[in-house]
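Student: I would like to learn how to read a few features of a structure. Please give the general idea and then the case.

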Amino acid sequence: MTTDPRSYELLLVPEFTERGTGTVGGDNPLRSAVVVATGETGASGYPRYVGDGMEADIDPATRSVEALLVDGAELDYGLSVRVADRPDG
């Protein structure tokens, strides 16, 4: 039996550099998606989650997105993805 979360909310946010330090602007996501576990493992070796046009391999231990497709394409430069807290996750 797995204890991996059944779903996550992913936030697609602009990533920008201010005075040479990288910061992520997560207060105003450009897009969000609730992704649910497929029961499969992705090419990265982590559980696969899909929903709302996003497909992600997520490490449940660290909540790191290890692979991501948005509408079937890789993430454009200048964008980043964050995992948001979900009370029912």
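Student: Leaving aside neighbours within four places in sequence, which residues is Leu75 in contact with?

Tutor: This is a predicted model, in which local features need pLDDT of at least 70 and side-chain atom pairs count only at pLDDT 80 or more, while totals for chains, interfaces and linings use all residues. Residues are numbered from 1 along each chain as its sequence is written, and side-chain values use heavy atoms, with hydrogens and water left out. Contact means heavy atoms within 4.5 Å. Leu75 is in contact with Leu12, Leu68, Val70, Ser80 and Val81. Leu12 is 63 residues from Leu75 along the chain, and their C-alpha atoms are separated by 9.2 Å.

Student: How is a pair of aromatic rings described?

Tutor: By the distance of the centres and the angle of the planes. Rings of Phe, Tyr and Trp (its six-membered ring) pair if their centres lie within 6.5 Å; planes under 30 degrees apart count as stacked, over 60 as edge-to-face and the rest as tilted. The count here is one aromatic pair. The ring centres of Tyr8 and Tyr49 are 5.0 Å apart and the planes are at 70 degrees, so this pair is edge-to-face.

Student: Are Tyr8 and Tyr49 buried or exposed?

Tutor: Buried means under 20% relative accessible area, exposed over 50%, and partly exposed in between (1.4 Å probe, protein chains only). Both Tyr8 and Tyr49 are buried. Leu75, with a relative accessible area of 29%, is partly exposed.

Student: Which side chain has a polar contact with that of Asp59?

Tutor: A polar contact is a pair of N or O atoms within 3.5 Å; within protein, one must be able to donate a hydrogen and the other to accept it, and residues adjacent in sequence count only if both atoms are side-chain atoms. The side chain of Asp59 has such a contact, of 3.1 Å, with that of Thr62.
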